[in-house]
Amino acid sequence: MFEWAYDGVNASIPRNAGPECAYYISPKRRIVETVFISIVTIILLIWGYKRINLPTKISYANHDRVGKRILLMIMSLVLGIEIGFKFTSRTVVYILNPCHITTAAQLYLLIADPSPMVTAVFRIHLNFLNGPLLAYLFPETESRRIFADKAMYYIQHGLMVVIPYYLLRIGGVYNVEPLSDMSWTVFSYGLNLAYHFWVLQCIALPIQVNLSHILCAAILDPFGGKYYRVWTMVHQGILCPLLCKLFCYSSDYFLTKCPLTRVKPALECTLPEKKYKQEDNEKLQEETATSGNGHTRVN
């Protein structure tokens, strides 16, 4: 009934689709790995959820900035073109890949009114920046036959890094936890594993399409082999938190310390507009330094 969503997938590309990919590992090993990783996932989710917290003192002023509208327009256009290409090529199932889900979350962040939910989504989605990095290091564009389709691949993944940096520049609800706080990264990685093994695997296996390499290892995967999924859980469990913290630390440096790019006194402060005084942000910085409210303090 849903053949229109995946029958355009090119099975001639190695480890892209088909029985060979679906049976890359034995059914018994797949079940054992799924049970084991599911237990790890539940532990990560429970541990992280019990420890996550949101700021108690924060400005929820809704600044309608031109930059947000421009990024919203561009990313909406890019995602719309991506979806259009997938409907045309009958590969709609690829919309379920994690980078498209992260892109949808970024569109929500750009359009949603300020709220604690926005802060939570923002903090979680920062832990999925491994997607753009891997997309550039190991590009998979063989199935994209025309130049515009390939261009959208690189533009989308580039914007996935630009948008969170811009939102951190705005501040306010777009804030992050202290660098020493691992609760959000642990919880987010639990969500990442849950999505791959509980959602993507259940969809990919019946249709034999290798969504996010959940069925078989990529050709360029240095950890390819029958244990590749376990190795992936380990090295992505290191890479995802590391990238998130490195991104936050770098953003803090460029936005609050670097003389050439400094725009505000602290990362949690809202980027002031002309009608707001700089003293307001300095007061907020003093309050958050002692409130323990979950904001980033890298000093």
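Which element gives the largest share of the nonpolar patch? Helix α8 does, with three residues. The model is predicted, so local features need pLDDT of at least 70 and side-chain atom pairs count only at pLDDT 80 or more, while totals for chains, interfaces and linings use all residues. Residues are numbered from 1 along each chain as its sequence is written, and side-chain values use heavy atoms, without hydrogens and water.

The patch lies on the surface and consists of Ile-42, Ile-46, Trp-198, Val-199 and Ile-203. Together these residues have about 390 Å² of accessible area (Shrake-Rupley method, 1.4 Å probe; for residues, only the protein chains shown count as cover). Patch residues have over 30% relative accessible area and no salt bridge; nonpolar side chains (Val, Leu, Ile, Met, Phe, Trp, Tyr) are joined within 5 Å, like charges within 9 Å. Two or more residues each come from α2 (27-51) and α8. Ile-46 is placed in helix α2. Helices are DSSP runs (H or I, at least four residues), as are strands (E, at least two), numbered from the N terminus.

Helix α8 (residues 183-207) also packs on helix α5 (residues 116-125). Their axes are 9 Å apart, at an angle of about 75°. That makes the two helices roughly perpendicular (65 to 115 degrees; under 35 is roughly parallel, over 145 roughly antiparallel, the rest oblique). Axes are lines fitted to C-alpha atoms, for helices over the stretch in contact; angles run from 0 to 180 degrees between N-to-C directions. Ala-120, Arg-123 and Ile-124 in α5 meet Trp-184, Phe-187, Ser-188 and Leu-191 in α8. This contact (heavy atoms within 4.5 Å) has five nonpolar residues, one polar and one charged. Ala, Val, Leu, Ile, Met, Phe, Trp, Tyr, Cys and Pro count as nonpolar, Asp, Glu, Lys and Arg as charged, and the others, Gly among them, as polar.

Ile-207 also belongs to α8. Beyond its neighbours within four places in sequence, Ile-207 contacts Tyr-6 and Val-93. Its C-alpha is 8.3 Å from that of Gly-18, 189 residues away in sequence.

From α6, Asn-130, Leu-133 and Leu-134 meet Gln-236, Leu-239, Cys-240 and Leu-243 of α9. Five of the residues in this contact are nonpolar, two are polar and none is charged.

Seven salt bridges are counted (a side-chain nitrogen of Lys or Arg within 4 Å of a carboxyl oxygen of Asp or Glu). One joins Arg-90 and Asp-7, at 2.8 Å from N to O. Arg-90 lies in the loop between α3 (66-88) and α4 (98-111), and Asp-7 in the segment before α1 (19-22), so the pair ties together parts 83 residues apart in sequence.
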